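Subject: Structure for you to look at

Hello,

Here is the structure I said I would pass on. Please open it first and then read the notes under it.

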Amino acid sequence: MSDALAKQWLVLSYFAGIDGMACSQHIDDRLPLLRKQGIRPLLLTGICGKPLLDTTTVRVPSLGPSGIRFELRHLQRRMRWLKPVLGTLNLLLLPFYLLEKLLIDLDSQWSWFPLAIWSGSRLCYRHRPHVIYSTGGPASAHLAAAVIARRHGIPWIAEFQDPLVHGDWLRSKRAFKIFSWLERFVCTRADAVIFLTDEARKRADERTGLGKRGWCVYPGSNPAAMPQVAYEKGDFCRFAHFGSLGGSRNLKVFLEALGEVLAERPYLGNIVRLDVFGTCDRLSLRLIEAFPVQGVVRYHGRISRSDSLVAMKRCDVLLLIQNTEEFSAETIPSKTYEYFFTGRPILALVHKNPELCRMMSQLGHTAVKADDSEDVKGAITTLADRWSANCLEPAAGGGFEVEWAVDRLISIGDGIVQQSEPTAGVSALVRESRNHS
């Protein structure tokens, strides 16, 4: 049993309690498992999400115009009766928002850290947590955690859900310099830095000299969250994509390949269907509308997480699409881990990511090049033929559970606490003197 039992962790994550958002889902799934392991999480988060049961939660807003506008939009979706008032506030903030974007080209949540530092320090004075754990999402959580950890002498784990910097940088040079500095700052100051792929860890190590303080922990998913829904073969071979589509992660290559398949085998137009769940950018919406065979592609929009899990288990083939950009080598879409526990076959359009290809191969799924329509075309044909011949077997079970990830996280936390024990007495005296003052 872990020696972290009965300890408290201060958890900083801007996104928590937001249905359907990957950054939120990442921490939402971990909090109950931390409690199960005897750790009491003290959650410091933004104001966008809904309350989380059995978790001490402090919510603080952003201070900058872009952060306030972002939070107002979320509140509008939750409290529609306030829509006129919130809409007016959004309009009044517009000039300040434009000025901020002109001067500071950062993410909308950059201004969350000042109040997060203030509230996090108060939580430390009151509860004296043993570990600080920042995860995101917005990088402001790491900046706040760095200040709090230094001020109170508490070991700190930082977890990057996505690389802060990468080769396909599309924002300003100023933003690149700021995020590069922040990455070096976190990798230098944190006691442990967690990445969600080993490639991301290696590249960060090359940039920052991270060394042995870098870890790779696959986030996994929670099999207990899967609904008890049995798959039944229907009249159509239904491919289904879940999640957001935007930028280079779009339906272009898949729909090109599907169009060629239907041109060569017109009878498959009566069999194959593509269901799209989630948010779509304008390009993907135009591609759906322009698809030459009517009725084959259906766009359902955004649905709740619980409904999406049911739909996943009922489809024939799950479609996974990566961005066709350099940073895809360092990332694995969060939906991947949910897909694994549905038991349904996956067709993954992968871009230069051996880690993801290995996962797919080990569990009996299909991985093809995301930018190669011929490769995708062959996979669609094979899977449709297997469906017609009743040979579309369910895939192997998951193997990437969030419980394993939490166990690994706690083990890392235990390790850095033990390493800090020689100076624990000094840190305690510093905290005690500050409490008195």
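Predicted model: local features only at pLDDT ≥ 70, side-chain atom pairs only at ≥ 80, totals over all residues.

Residues are numbered from 1 along each chain as its sequence is written, and side-chain values use heavy atoms, with hydrogens and water left out.

The sheet: six strands form an open, parallel sheet in the order S10-S9-S8-S11-S12-S13. (Strands are DSSP runs of E with at least two residues, helices are runs of H or I with at least four, and both are numbered from the N terminus; two strands pair if DSSP finds at least two bridges between them.) S10 (297-301) and S13 (366-369) each have a single partner strand, so one side of each has no neighbour in the sheet. Neighbouring strands are turned by 25° against each other on average, direction ignored. (Axes are lines fitted to C-alpha atoms, for helices over the stretch in contact, and angles run from 0 to 180 degrees between N-to-C directions.) S8 (237-242) and S9 (272-277) pair over six bridges, and Phe-242 has Phe-277 in S9 as its bridge partner.

The helices: the axes of H6 (140-152) and H7 (173-189) come within 11 Å and cross at roughly 35°. His-142, Leu-143, Ala-146 and Arg-150 of H6 meet Leu-182, Phe-185, Val-186 and Arg-189 of H7, where contact means heavy atoms within 4.5 Å.

Regards
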